[in-house]
Amino acid sequence: MGTNSIGWALIDSDDKKILGMGSRIIPMTQDVLDIFSGGKPLETQTAARTHFRGVRRIRERQLLRRQRLHRVLNVLGFFT
């Protein structure tokens, strides 16, 4: 089992038997296979999603800091 597969099992709980089991391999897209076979470092889809999530978090934190600063400056009378 790896990051591109999902395991499954069908269990009969009364008889305590495993009726079936296996794994489903999530296929890679052709562009990912081309990069992998070319010997280049492979950035997985999960790594790309994680990167974009981090960018969104950084942007959201920056916006929150700006809103807090505006509130404080407004209370102190720096804004009209």
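## Overall architecture

The protein contains 2 helices and 2 strands, with helices taken as DSSP runs of H or I of at least four residues and strands as runs of E of at least two, numbered from the N terminus. Along the sequence the pattern reads β-β-α-α. This is a predicted model, in which local features need pLDDT of at least 70 and side-chain atom pairs count only at pLDDT 80 or more, while totals for chains, interfaces and linings use all residues. Residues are numbered from 1 along each chain as its sequence is written, and side-chain values use heavy atoms, with hydrogens and water left out.

## Burial and contacts

Of the 80 residues in the protein, 4% count as buried; buried means under 20% relative accessible area, exposed over 50%, and partly exposed in between (1.4 Å probe, protein chains only). The accessible surface of the protein is about 7700 Å², and carbon and sulfur atoms hold 58% of that area. Areas come from the Shrake-Rupley method with a 1.4 Å probe; for residues, only the protein chains shown count as cover.

Among contacts (heavy atoms within 4.5 Å) between residues at least 6 apart in sequence, 3% join residues at least 24 apart.

## The strands and their loop

Lys16 sits in the loop between β1 (5–12) and β2 (17–25). Its phi is positive, about 55°, although Lys16 is not a glycine. Most residues other than glycine have a negative phi. Lys16 counts as exposed because its relative accessibility is 74%.

Leu19 belongs to strand β2 and is exposed, at 56% relative accessibility. Leaving aside residues up to four places away in sequence, Leu19 touches Leu10 and Asp12. The C-alpha atoms of Leu19 and Ala9 are 7.6 Å apart, with the two residues separated by 10 residues along the chain.

## Surface patches

Patches are made of residues with over 30% relative accessible area and no salt bridge, joining like charges within 9 Å and nonpolar side chains (Val, Leu, Ile, Met, Phe, Trp, Tyr) within 5 Å. A salt bridge is a side-chain nitrogen of Lys or Arg within 4 Å of a carboxyl oxygen of Asp or Glu.

Arg49, Arg53, Arg56, Arg57, Arg61, Arg65, Arg68 and Arg71 form a surface patch of positive charge. Arg57 lies in helix α2 (residues 45–76) and is partly exposed, because its relative accessible area is 48%. Val72, Leu76, Phe78 and Phe79 make a nonpolar surface patch of about 420 Å². Leu76 is also placed in helix α2, and its relative accessible area of 57% makes Leu76 exposed.

Key. Lys and Arg count as positive and Asp and Glu as negative; His and the chain ends are not counted. The place of a charge is taken as NZ of Lys, CZ of Arg, CG of Asp or CD of Glu.
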